[in-house]
Amino acid sequence: MTAGNNPERRTRKFSEVVTPRPIRTRSLTSRGVAPPQELGPLEQLLGVWTGKGTGWNMIALPFHKAPAPPAGFKFRVLMNQYDEELQFTFVDDDVPNRGLSRPSQPDFDQFVVTLDYQQKIAQIAAEDRPSSGGLAGPVGLPIHHEPGLWLYEKNRRSTDDQIKGDAVSEVELDVARLASIPHGNSVLALGKSEVHHGMPPIPPISGLPSGRFEDVTTPDYDFRSATDPDPYFEPYRHYIDNPFMGNVTVPGFPGFSPADMNAILRFAN
């Protein structure tokens, strides 16, 4: 059927169909354009960074097949050595975080520089204690992927206490990291950027469970006892006595140990 001179839509030929004009759009982000000259402390992050065998990780996991104490304790400690790729891309500048107007503070909006980042990690060596018989996974196994944002707060910065020995001072927090890990975790971390001439100090840090035995340099901890060891700490004690070496064969390499997980950073630097 026809209505006047217009054929029914279902019987039109392709040659009679008028292609609709494309909808005019505008960019909602600066992603892909040249970044501004001033990105603050984030400026030198741009690009792709790769590390071959320079990443190390320790995690405690439930392990229902663990042997009875003292050989096991329903969990296992997994050690990984891994390759890493980090990609940083400029997103936008002067992104506003809206604030409240106050008479004494005319710049009530906060403005931030934004970088997008993607982190990909694949292990190159792994072992666990007690041994799971293969659950540690093969070489090349992807074990982590993390998208997120780095922010540089250009104004209206929050403050925090800085404690060094007995001295307490107040510092401005000018950078933030927003991370999203696909298995359900998200992180908002605030910090202060600093410029160091030469290597910054890297203090020892314990990998033992927080709140118990953090200072492993003290000799009288029961997990070190040969006659009455704490079975819960057996996997940690094992890796303190036998640091995880991965595939590193460099002379003097201290290995990855829960007693001081930063020792390999100081060695590398």
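This is a predicted model: local features need pLDDT of at least 70, side-chain atom pairs count only at pLDDT 80 or more; totals for chains, interfaces and linings use all residues.

Author: Six strands make up an open sheet, in the order E3-E4-E5-E6-E9-E10, and the pairing is antiparallel. Strand E3 (47-62) and strand E10 (185-191) sit at the edges with a single partner strand each, so one side of each has no neighbour in the sheet. Going from one strand to the next, the twist averages 25 degrees.

Now zoom in on one pair. Strand E4 (residues 75-97) runs antiparallel to strand E5 (residues 110-129), and 18 bridges join them. One of the residues to look for is Asn97, whose bridge partner in E5 is Gln110.

The largest nonpolar core has 15 residues, and Trp56, Met58, Val77, Met79, Tyr236, Phe244 and Phe256 touch the most other members. At least two residues of this core come from each of E3, E4 and helix H1 (234-241), with E4 giving the largest share, three residues.

Last stop: the loop between strand E8 (167-173) and strand E9 (175-181), which is where you'll find Asp174. Is Asp174 buried or exposed? Its relative accessibility is 9%, and the cut-off for buried is under 20%, so Asp174 counts as buried. Its side chain makes a polar contact with the side chain of Ser193, at 2.7 Å. Asp174 also touches Pro41, Tyr152 and Arg157, among others.

Key. Residues are numbered from 1 along each chain as its sequence is written. Side-chain values use heavy atoms; hydrogens and water are left out. Two strands pair if DSSP finds at least two bridges between them. Helices (H or I, at least four residues) and strands (E, at least two) are DSSP runs, numbered from the N terminus. Axes are lines fitted to C-alpha atoms, for helices over the stretch in contact, and angles run from 0 to 180 degrees between N-to-C directions. Buried means under 20% relative accessible area, exposed over 50%, partly exposed in between (1.4 Å probe, protein chains only). A polar contact is a pair of N or O atoms within 3.5 Å; within protein, one must be able to donate a hydrogen and the other to accept it, and residues adjacent in sequence count only if both atoms are side-chain atoms. Contact means heavy atoms within 4.5 Å. A nonpolar core is a set of buried Ala, Val, Leu, Ile, Met, Phe, Trp, Tyr and Cys residues joined through side-chain atoms within 4.5 Å. Lists of a residue's contacts leave out its neighbours within four places in sequence.
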